[in-house]
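User: I am new to reading protein structures. Could you take me through one, feature by feature?

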Amino acid sequence: MDEILNIRGISKKYEDLVVLDHLDLQVRSGEVVVIVGPSGCGKSTFLRCINALEKVDDGEVILDGKVIDPQDKHLSKVREKIGMVFQSYELFPHKTVLQNLVLAPVRVKKMNRKEAEEEALRLLERVGLLSKKNNYPRQLSGGQKQRAAIVRALMMNPEILLLDEITAALDPEMVREVLEVVLDLAKEGRTMIIVTHELPFAKAVADRVVFIDGGRIIEEGEPKDFFEHPKTERLRKFLHSFTYE
């Protein structure tokens with residue numbers, strides 16, 4: 001698989017707080033990389049730095065061989081290649097599900113509205129939300145909102161998909177319906193970087209699991225070795241904290 005994303009030595013701090021400390025990561029096309037770690041370790045900031053929602057203090061993010069520059073006047077074009085799904089859905093409350101989905105493709109990519117609606121309906125059917133196309137976000141469950149948010153990201157046909165704790169705000173019974181959608185995307189070869197606390201899901205979906213603590217990558221590896229044979233004491237301690245589940 002060809003390398004699609006190359007993150008070289010990125011650092012980020014807020015005043016005296018170091019959030020990311022010279023972090024390196026390479027992602028191949030079609031690879032699913034899952035990032036785990038304790039709360040506050042820099043996972044979400046890392047995702048936001050990839051698509052320049054946060055400006056790095058040092059290092060660089062390279063997509064398809066080109067450095068992502070927050071000052072680039074064509075940054076919006078670059079962001080089209082990077083889909084992001086947030087924990088909080090970010091759906092427009094005054095628009096229906098279908099209107100939410102076609103807004104960016106029509107306005108940003110200048111996609112024909114009829115074609116955009118046809119693609120939205122196809123994707124909604126795929127995630128089991130076709131019957132909700134004319135509903136407003138307030139009429140959806142948390143799991144339905146998150147599935148709609150995933151479809152909205154897919155509507156831009158991104159090269160890489162960033163998923164930031166997308167099940168953290170959901171009730172346990174809603175988690176599975178969202179994770180099943182992500183598992184399907186992984187099976188079709190989508191390139192994804194996923195931040196999650198759902199360790200069984202990480203084990204099921206990942207090609208590679210990365211453990212971040214203190215803004216640094218402490219350990220990474222294939223799921224089986226990562227979870228069953230951790231090499232560092234810090235990762236062993238982190239995994240042990242989940243053994244009650």
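User: Which strands does helix α1 lie across?

Analyst: Helices (H or I, at least four residues) and strands (E, at least two) are DSSP runs, numbered from the N terminus. Here helix α1, residues 43–50, lies across β3 (32–36), β6, β7 (160–164), β8 (192–195) and β9. Helix α1 runs at about 150° to β7. Axes are lines fitted to C-alpha atoms, for helices over the stretch in contact, and angles run from 0 to 180 degrees between N-to-C directions. Contact means heavy atoms within 4.5 Å. Helix α6 (172–187) also packs on the sheet, touching β3, β7 and β8.

User: What should I know about the model itself?

Analyst: This is a predicted model: local features need pLDDT of at least 70, side-chain atom pairs count only at pLDDT 80 or more, and totals for chains, interfaces and linings use all residues. Residues are numbered from 1 along each chain as its sequence is written, and side-chain values use heavy atoms, leaving out hydrogens and water.

User: In what order do the strands form the sheet?

Analyst: Strands of a sheet pair through backbone hydrogen bonds, either parallel or antiparallel. Two strands count as paired if DSSP finds at least two bridges between them. In this open sheet, 6 strands follow the order β6-β7-β8-β3-β9-β10, with mixed pairing. β6 (82–85) and β10 (216–221) are at the edges with a single partner strand each, so one side of each has no neighbour in the sheet. From one strand to the next, the twist averages 20°.

User: Parallel or antiparallel: how do β7 and β8 pair?

Analyst: They pair in the parallel sense, over 4 bridges. Leu161 stands opposite Met192 in β8. β9 (208–213) and β10 are antiparallel, over 5 bridges.

User: Which residues cover the faces of β8?

Analyst: In a regular strand the side chains alternate between the two faces of the sheet. Buried means under 20% relative accessible area, exposed over 50%, partly exposed in between (1.4 Å probe, protein chains only). In β8, Met192 and Ile194 are buried on one side, and Ile193 and Val195 on the other.

User: Which residues touch the most other members of the largest nonpolar core?

Analyst: A nonpolar core is a set of buried Ala, Val, Leu, Ile, Met, Phe, Trp, Tyr and Cys residues joined through side-chain atoms within 4.5 Å. The largest has 52 residues, and Ile150, Val182, Met192 and Ile194 touch the most other members. α6 gives the most to this core, 8 residues. Another core, of 29 residues, lies apart from it and includes Val210.

User: Is Val210 buried or exposed?

Analyst: Val210 is buried, at 1% relative accessibility. Val210 sits in β9, opposite Glu220 in β10.
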